[in-house]
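Please read the following briefing alongside the sequence and the coordinates.

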Amino acid sequence: MPDKKFFENLSGAGKAIGVLTSGGDAQGMNAAVRAVVRMGIYVGAKVYFVYEGYQGMVDGGENIVEVSWESVSSILQVGGTVIGSARCKPFRTREGRLKAACNLIKCGITNLCVIGGDGSLTGANLFREEWNGLLEELANKGEIEQEAVKKYAYLNIVGMVGSIDNDFCGTDMTIGTDSALHRIIEVVDAIMTTAQSHQRTFVLEVMGRHCGYLALVSALACGADYVFIPEYPPEEGWEDKMCIKLSENRARKKRLNIIIVAEGAIDSHNKPITSEQVKDLVVTRLGYDTRVTILGHVQRGGTPSAFDRILASRMGVEAVLALLEATPETPACVVSLSGNQAVRLPLMECVLMTQDVQKAMDERRFRDAVELRGRSFENNLNTYKLLSTKLQAEDLPKTNFNVAILNVGAPAAGMNAAVRSAVRIGITEGHKMFAVTDGFEGFSRGQIKEIGWGDVGGWTGQGGSILGTKRTLPAKYLEKIAEQMRAHSISALLVIGGFEAYESCLQLAETRSRFEEFCIPICVLPATISNNVPGTDLSLGADTALNAIVETCDRIKLSASGTKRRVFIIETMGGYCGYLANMGGLAAGADAAYIFEEKFDIRELQANVEHLTEKMKTGIQRGLVLRNEYSSENYTTDFIYQLYSEEGKGVFDCRKNVLGHMQQGGAPSPFDRNFGTKISAKAVLWLSKKLKECYRRGKIFANTDDSVCLLGMRRRNLLFQPVAQLKDETDFVHRIPKEQWWLKLRPLMKILAKYKTSYDVSDSGQLEHVDRRQPAEA
């Protein structure tokens, strides 16, 4: 194990950091700005806003302003960018860059954090390369002292990609993409209800002039009938194929059709395909009542999602660390996301790869374009193709395998998307798919029936569990379950659920010596809002719950803006796992979050009260404190509320709010729909592979540890891990993993709330290369 490295060893004293947003705006930019400002001030640097992007840098004067801690208060939940963004022609000229350099030197700024797209970042890199020459020229003209040329000899650049299109190579998600997907899916969900009423076809045009990510993922997340994207144009004769597909879907009693078109969609000859063209085609050929909805700038607006706030906050802190560690030899880098890891990549490598995608499309090398977009994009496309095309019965392979699917534990958003995906991929693989209602309890009673392709239509956007779910473990029904497995000739099992699902599969694996029926391939998909299942960094449903918490916190904070001097104590779910409280606190800008994993005592509670008392003396006169439901047996939500009320008398008053089951309800977020769809598809393909491996003498026999696996996301990859091996990683008493990755982010929340703390940056600092990276699969 390498020695741990803490950022306290990095000092920003004597350094000045400028932060600007450039190009198109994106939700989450403000969270990134806030993180850069607060982390910069925290390490002792001076931080400056550069208003109106590069234009402000060229114009100077009041556009470059030193900021304080309070300058970025209350911007976390605001969409767009509070420091403005503008396209700037003068900066493209050397004369404009000379002015910009002169204005930066006046403030002593030699560290720039640029939040924007590839154009903005390319401009920043050129500026950095010319920096020395620009200073020499300014000194020769007498505009700066010769001493300044030596003192400010080099410029450090760190980029963060803010773009709703997710069109930048080298990062899994750009800031703003998840929020844009939220806007699209909100519209799609609303349109689906009206389309169903009238049996209409809707053509939706979404943004993405050069990148089809938004169109592709929203098509995957809503189960669209057809999608048009620039990287993967339809084949010749697509008009006939699309019309046949739409009419087949109608024949299967589907009352609506959804077609999604990226604004940059093209055919195989690079000619544009427009939403109006698609609509006219449907009306002319099929006579369907068809409407076009162009979403436009709605996708850029609104509040940032929880994912974007956390992403931007993490990137902002990482950007400051990168600037502090930079040397004259360090190339300009971009802070990026791979899986759930923050990484640094050479800026120009990413830019060149992004330009290669466009070049491949221009030259009609569409397969290369898809590959260059990365494994995540390719997986999305392949999964969409599998799920949207129903093969004719005669074209399907026949395996004679029966695969059962059931939900176990508490309901979680995204479960239904996972079931739909599993059923359709299973049918495509040639299996018979069976749905079990009410978990293992229903299994023991024989509540098992075959489920077809059309039965799961429209399930993606449904919350809760349509199959029904129970927390009951199989131990008390083993004989009856074995009997039902025998009766229905079940060859494999897909269990979607939380900690109970993991425990259930452990029980089945451990009783294989008694029941041969359990000697079949079994896969667990972690689905729980608590995110407390060992073997995975993320569980299905946690993102939706996090968004529900953050949305409520935003409303609560607004209610305090009129009353002032008010502190809210909010209780979240999660059992003993503090994921929701911790990440909710980071995304909502909380002052404290009490969790079971980090013990706290009366002294810490007292210190928090004093911290809030000091805060009330500033312009920020409200506080937000989150508490995980089982964080402490004695320091209950009521106790903390009463303590804060008593200690804060005369300074602030208190309110408490228990969020309860609203965290479990609601429509799944785009992330959960997409994640559920993809991991479920991967799980069924794994089951198919195992069935082939374990088929001997006309029957299935699987009794090795690696035939009962949990599919989880670990750092950057989706991995199948035997549940027997995960036992050592599990705290069964408190139903949590012994080690949890998100605890490393805990100091982030404290730093951004102005607490002194230690932050382990051992994972930071390594500059990687784009071509060597293995991007996450989900």
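## Briefing on the predicted model

Apart from its neighbours within four places in sequence, Asn125 is in contact with Ala332, Leu347 and Met348. Asn125 belongs to helix H4 and is buried, its relative accessible area being 6%. The coordinates come from a predicted model, for which the mean pLDDT of the chain is 91, with 96% of its residues reaching 70 or more.

**Confidence**

- Over residues 772-778 the pLDDT falls below 50, although this stretch still has 37 contacts in the model beyond near neighbours in sequence.
- Where pLDDT is low, the predicted coordinates should not be read in detail.

**Second largest pocket**

- The second largest pocket has a volume of about 990 Å³, and its lining is made up of 42 residues, of which Arg87, Gly117, Asp118, Gly119 and Asp167 lie nearest its centre.
- Helix H4 (118-140), strand E6 (201-206) and helix H11 (347-362) are the elements that give two or more residues to the lining of the second largest pocket.

**Cavities**

- The structure holds three cavities of 30 Å³ or more, and the largest cavity contains about 490 Å³ of space.
- The largest cavity is lined by 29 residues, and those closest to its centre are Phe307, Leu337, Gly339, Leu538 and Phe671.
- At least two residues of the lining of the largest cavity are supplied by each of several helices, among them H6, helix H7 (213-222), helix H10 (306-325) and helix H13 (375-388).
- Helix H18 (542-563), helix H19 (579-588) and helix H22 (670-694) likewise each supply at least two residues of that lining, and H22 gives the most, with five residues.

**Aromatic pairs**

- A search of the whole structure finds 21 aromatic pairs, one of which is the edge-to-face pair of Phe499 and Phe732, with 6.1 Å centre to centre and 75° between the planes.
- Because Phe499 lies in helix H17 (residues 499-510) and Phe732 lies in the loop between strand E26 (730-731) and strand E27 (736-737), this pair ties together parts that are 233 residues apart in sequence.
- The two partners of this pair can also be described by their accessibility: Phe499 is buried, with a relative accessible area of 1%, whereas Phe732 is partly exposed, with a relative accessible area of 33%.
- Elsewhere, Tyr54, Phe91, Phe127 and Trp131 are linked into a cluster by ring pairs.

**Charges over rings**

- Arg250 lies over the face of Tyr288, at 4.3 Å from the ring centre.
- Lys599 has its charged end over the ring of Phe596, 3.6 Å from the centre of that ring.

**Positive phi angles**

- Asn166, a residue other than glycine, has a positive phi near 55°; Asn166 is placed in the loop between strand E5 (156-161) and helix H6 (177-198), and with 8% relative accessibility it counts as buried.
- Ser489, also a residue other than glycine, has a positive phi near 50°; Ser489 lies in the loop between helix H16 (478-487) and strand E16 (490-497), and it is partly exposed, with a relative accessible area of 45%.

Note on methods:
Residues are numbered from 1 along each chain as its sequence is written. This is a predicted model: local features need pLDDT of at least 70, side-chain atom pairs count only at pLDDT 80 or more; totals for chains, interfaces and linings use all residues. Side-chain values use heavy atoms; hydrogens and water are left out. Rings of Phe, Tyr and Trp (its six-membered ring) pair if their centres lie within 6.5 Å; planes under 30 degrees apart count as stacked, over 60 as edge-to-face and the rest as tilted. Helices (H or I, at least four residues) and strands (E, at least two) are DSSP runs, numbered from the N terminus. Buried means under 20% relative accessible area, exposed over 50%, partly exposed in between (1.4 Å probe, protein chains only). A charge sits over a ring if NZ of Lys or CZ of Arg is within 6 Å of the ring centre and within 35 degrees of the ring normal. pLDDT is the predictor's confidence in each residue, from 0 to 100. Contact means heavy atoms within 4.5 Å. On a 1 Å grid over the protein atoms alone, a cavity is a set of points where a 1.4 Å probe fits but cannot get out, and a pocket is an open set with protein on both sides within 12 Å along at least five of seven lines; lining residues have an atom within 4 Å of a point. Grid points are joined across faces, edges and corners, and a volume is the space filled by probe spheres set on the points.
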